[in-house]
Amino acid sequence: MSTRVHEFSWPDRVVVGVIGDPGSRAFYLQVRAAKQLVTLALEKQQSAALAEKIDEVLDQLGAVEGNPFSVPAGTPLELVDNDPLEPVEVQFRIGAISLGWDATTSQIVIELYPLGEDDDQDVPADADEMLLVRVPVGTARAFAKRTREIVAAGRPLCPLCGYPMDPEGHVCTPPED
């Protein structure tokens, strides 16, 4: 069986966004180039880990003598994308994520595979589809920044137990006087 690859070499937009209220938000990754739009469902933890790893790779590349890849230390303001998600039609739920670097184009390479029946596999060899995205360094910084902000915009964490607090109350919240 051949794998259907949704490939974006120079996407117009790469974002993580959410639908729903804190505590019941659904996370989505959207990639668009011209009229081609792919939306994938993912977990909050996957979003956070992807942003963190992208920043780690970019920080390492930026620290190379002379910064030959022109990796920005911060997020270029002109690349910040705070627009809402486009209409959501989920292609698949993300399972495995692979992150790499293409020095020939100075792009972060992200491979996303569907959640399979055996979600313990690193990269499913029998995946019937996948998303391959090549993201320029500035866009990758902007993606990571937006993703970190969206992840942080959820429910506040309890200072006592560290778990998210619901607006209706929390087991660690002391009674009011």
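Predicted model: local features only at pLDDT ≥ 70, side-chain atom pairs only at ≥ 80, totals over all residues.
Trainee: How do you know that the span of helix H2 is close to the expected one?

Mentor: The expected span is 1.5 Å times one less than the number of residues. For H2, which runs over residues 137–152 and has 16 residues, that expectation is 22 Å, and the helix reaches 23 Å from its first C-alpha to its last.

Trainee: What makes a residue of H2 buried, and what covers the buried residues of H2?

Mentor: Buried means under 20% relative accessible area, exposed means over 50%, and partly exposed lies in between, with a 1.4 Å probe and protein chains only. In H2 the buried residues include Val137, Ala140, Phe143, Thr147, Ile150 and Val151. Among the elements that cover the buried residues of H2 are strand E2 (13–19), strand E3 (26–33), helix H1 and strand E7 (129–136). Over the chain, 38% of the 177 residues count as buried.

Trainee: Why is His170 called buried, and why is Leu77 called exposed?

Mentor: His170, which is placed in the segment after H2, has a relative accessible area of 16%, and therefore counts as buried. This residue is in contact with Cys158, Cys161, Tyr163, Pro164 and Met165, leaving aside its neighbours within four places in sequence. Leu77, in the loop between H1 and E5, has a value of 73% and is therefore exposed.

Trainee: Why is Val88 called partly exposed?

Mentor: Val88 is also found in the loop between H1 and E5, and its relative accessible area is 33%, so Val88 counts as partly exposed. Leaving aside neighbours within four places in sequence, Val88 is in contact with Ile19, Tyr28, Gln30 and Thr39.

Trainee: What makes a set of residues a nonpolar core, and which residues have the most contacts inside the largest one?

Mentor: A nonpolar core is a set of buried Ala, Val, Leu, Ile, Met, Phe, Trp, Tyr and Cys residues joined through side-chain atoms within 4.5 Å. The largest has 30 residues, and Leu29, Ile54 and Leu131 have the most contacts inside it. H2 gives the most to this core, with six residues. Leu131, leaving aside its neighbours within four places in sequence, is in contact with residues including Leu29, Val31, Phe92 and Ile110. A second, separate core has six residues, among them Ala96, Tyr113, Met130 and Leu132.

Trainee: Why is the pair of Phe69 and Trp101 called edge-to-face?

Mentor: Rings of Phe, Tyr and Trp (its six-membered ring) pair if their centres lie within 6.5 Å, and planes under 30 degrees apart count as stacked, over 60 as edge-to-face and the rest as tilted. A search of the whole structure finds one aromatic pair. The ring centres of Phe69 and Trp101 are 5.1 Å apart and the planes are at 75 degrees, so the pair is edge-to-face. Because Phe69 lies in the loop between helix H1 (44–62) and strand E5 (90–102) and Trp101 lies in E5, the pair ties together parts that are 32 residues apart in sequence. Trp101 has a relative accessible area of 24%, and so is partly exposed.

Trainee: What makes Ser70 and Ser106 stand out in their phi values?

Mentor: Phi of Ser70 is near 55 degrees, a positive value in a residue other than glycine, and phi of Ser106 is likewise near 55 degrees. Ser70 is found in the loop between H1 and E5, whereas Ser106 is found in the loop between E5 and E6. At 57% relative accessibility, Ser70 therefore counts as exposed.

Terms used
Residues numbered from 1 in each chain as written. Heavy atoms only, no water. Helix = DSSP H or I, 4+ residues; strand = E, 2+ residues; numbered from the N terminus. Contact = heavy atoms within 4.5 Å.
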